[in-house]
Amino acid sequence: MKSRILFLALVIFLIPAQGFAVSPDEVLDDPVLEERAREISKGLRCLVCQNQSIDDSDAGLARDLRLLVRERLVAGDSDEEVVNYIVSRYGEFVLLRPPFKLGTLVLWLGPLFLVLIGLVSIVIFFRRNREAVDRKKATVLPLSDMEQRRLRKILKERVT
Amino acid sequence: MSAELGHFALILALFVAIVQATLPLIGAQRNYAPWIALSKPTAYCQFALVAISFASLTHLHVTSDFSVLNVVQNSHTAKPMLYKIAGVWGNHEGSLLLWVQILSLFGAAVALFGANLPPAFRSRVLAVQAMIAVGFYLFILITSNPFERIMPPPLNGRDLNPLLQDMGLALHPPMLYLGYVGFSIAFSFAIAALIEGRVDAAWARWVRPWTLAAWMFLTAGNALGSWWAYYELGWGGWWFWDPVENASFMPWLAGTALLHSAVVVEKRDTLKGWTVLLAIIAFSMSLLGTFLVRSGVLTSVHAFATDPARGVFILALLIIVIGGSLALFAWRGPQLKSGGLFQPISREGALLFNNLGMTVAAAAVLLGTLYPLFLDAIGGSKISVGAPFFNAVFIPLMIPLIIAMAIGPLLNWKRGDLIPALTRLKLVFLISIVAGAATWAMEMDGPFMGVIGIALAVWLGASTLAELAGRIHLFRAGPAETLRRLGRVPRATWGMTLGHFGLALAIAGMTGAASWKVESIQAMKPGEMVNVGGYEFTFDGAQQGKGPNYDIVTGKFTVRRDGEKVVDMLAEKRIYPVRNMPTTEAAIHTMISGDLYAVIGDPEGADGAYVTRLYFNPLVVWMWIGAIVMVLGGAISVTDVRHRIGVPHRRRPATAAKPAEA
């Protein structure tokens, strides 16, 4: 079985499993509760799939988890309690949105850090740019009187 | 016989590539003309040899030669001919052969059309191309030989994965590979430029069409993939932030950045080092994308370990290519002197801002994709990084970028002025606020992101049109003058206009489908009716049937709106007996306002009832229309006359007789 899963996973593009996810017999009668169940399901990982939520997956285990979520909701748990319950049983691996903690610091702050690095490098780039302009200005000597006169003459010729 | 011929041709191609990778490079260094000239015939020869190899594998698949392992694992005599051919690249080994086929094709194209390149430079470009090829040939020959025989040959094959027996997925890999490999040209040009220590406008003019072409194919490939997911997976999803999707999205992001920075090199002779670096990054991301998908490392670190030969080879190749090119960049990059200076608020500044957003986005996607592997490898906890993470990071990065996209094209080169640009967008701003407010009024209960998405789409779309209107003096000059100006808009500008406008359409489509999808899942008896988003779906029952290599259940639905018939829909469920796998063929009726989408599932009870899934996906079709418009923009831009002329030359003095307009 395991090798089969591996094989399937390795097939050309690692396609997400065929999606016959939520079936009618799972759906709760209370539409508000069902909506909450769907939202929670979207954030929980199907453990045997490749990066799929239990809401999208047709795997047996995903179905079990979906039923479990609904069971807890019917029992009166809040959304947070349901998620905590699932995490306590399956670990943080089930969370598609990893929690913010020491091990995920680089993950969560990385993009922000990159934006900052990018902005700082752009600022430095423009600084250097301006310095180059200043240097250019410094090296260019002002026109001498003779040159000024010639310039005026040329300009006059142009106009007439 | 065919298998041995293909195998042998591939081995020969390896040796030709080794020659092409070394002698022309040495020749260019020592200015020895015969060795420089060697790069052309070797490029043609390589292409011909790989073509023989590819044709051999195709022949084996078409004739169902079950003495070859690759055919056994991926084919079946009952498979339709189209998928026998598509099956050639619908597997690991074959897809790599397709990769080198495209690589050698592009190499030959550089040799053929590169007449206006300095010979030494061209030979260096082709030598770098050949180095990449050597890596791939070795990888195929040592670890992934598609021509391996099997003894004794079985009577029939194991068939191609049914999910792959589909037009969309038959075309998806070649499109992506054309994109990936297209960036290899930009990469080779970048490396050759680093070796020579020179990047100029002519360089950018050469790199741009190749980058554009690669970008077009990658756009099309990604759109095709999401479209396939949409109609094939049976619940209307189209993007999952799956590592495999990310693998092809990262090069797209980097390539988009490269496209924009190459404009600055060409027009203003600056940002050279950065553009060369982007070319290296875009191709590195492509390599990474290919190998992430191929090595199995994504499934888990353990899958990677089950086939260490491939994994180790891949890792080594990645380190050599990426590490080597970055080292070369660190060494030679500082020599690339930049010319034109510019202010932060300018066209160049706006393009640089695009580069910042795109590269950070690509890096963030890379981080999210590899982080679980990285954490696992260093012995940390096992975590998942899924769609909620990517949405939380990617969307906030894109919003400022889209806002700026509207303003950038209105700024002048070198030194722009923000106030006049913003003044020109006053009306556009008003329209997008009204559009957002209207959306909010209509969809009070929906997510607020939907309102923002629509407002952004309108902002970008309207500002793009406003830029074009300003360019052709619409309503300011007479209609004749406007038309004359319209005819004179350069093709590259059309590319920008269509590219940006296409993105606006795509944003509208993504927003609609993500925010206001209506779903209904139930068991339906024949004659029963369900209302989905104002459309009444009546189930007319299901029928059994047989396809060429599958069994089939067809469910019929009649859809009405306010009692009036809209359409009949036939949803299929197929079972492929060889692998005992089901696939869904959703019935989709596309309208401007959204798609009606029906899926039939398993029978429920004995009275002809079936599980059905019915959806209304608002605006979704605009996502793909947008992608088509973007690709079209790229295609028009590629044909810009500048790319054909190559080197800029001064116009004749104004006193000379004006030639007639074409």
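**Sheets and the chain interface**

Me: How many bridges pair β2(B) with strand β3 of chain B, and in which sense?

Reply: In this predicted model, β2(B) pairs with β3, residues 535-546 of chain B, in the antiparallel sense, and the pairing comprises four bridges.

Me: Which residue of β3(B) is the bridge partner of B:M529?

Reply: The partner of B:M529 there is B:T538.

Me: What sheet do these strands belong to, and what is its strand order?

Reply: They belong to an open sheet of five strands in chain B, with the order β2-β3-β4-β5-β6 and antiparallel pairing. Its edges are β2 (529-532) and β6 (581-585) of chain B; each has a single partner strand, so one side of each has no neighbour in the sheet. From one strand to the next, the twist averages 25°.

Me: How many bridges join β1(B) to β9 of chain B?

Reply: Seven bridges join β1(B) to β9, residues 610-618 of chain B, and the two strands run antiparallel. On β9(B), B:T612 is the bridge partner of B:Q522.

Me: Now the interface. How many residues of chain B are in contact with chain A?

Reply: On the chain B side there are 50 residues, in contact with 43 residues of chain A. The elements of chain B that each give two or more residues to this side are α6 (92-113), α10 (243-268), α14 (347-377), α15 (387-407), β1 (518-524) and β6.

Me: Which of them gives the most?

Reply: The largest contribution to the side of chain B that touches chain A comes from α14(B), with nine residues.

Me: What is the make-up of that side by class?

Reply: The side of chain B that touches chain A has 31 nonpolar residues, 17 polar residues and two charged residues.

Me: And chain A itself, how many helices and strands has it?

Reply: Chain A has six helices and zero strands, so its elements from the N terminus on read α-α-α-α-α-α.

Me: What share of chain A is buried?

Reply: Of the 160 residues in chain A, 26% are buried. Among contacts in chain A with a separation of 6 or more, 53% are between residues 24 or more positions apart.

Conventions. Residues numbered from 1 in each chain as written. Chains lettered and ligands numbered in written order. Predicted model: local features only at pLDDT ≥ 70, side-chain atom pairs only at ≥ 80, totals over all residues. Pairing = 2+ DSSP bridges. Axes fitted to C-alpha atoms, helices over the stretch in contact; angles between N-to-C directions. Contact = placed C-beta atoms within 7 Å. Nonpolar A, V, L, I, M, F, W, Y, C, P; charged D, E, K, R; others polar. Buried ≥ 20, exposed ≤ 12 C-beta atoms within 10 Å, placed from the backbone.
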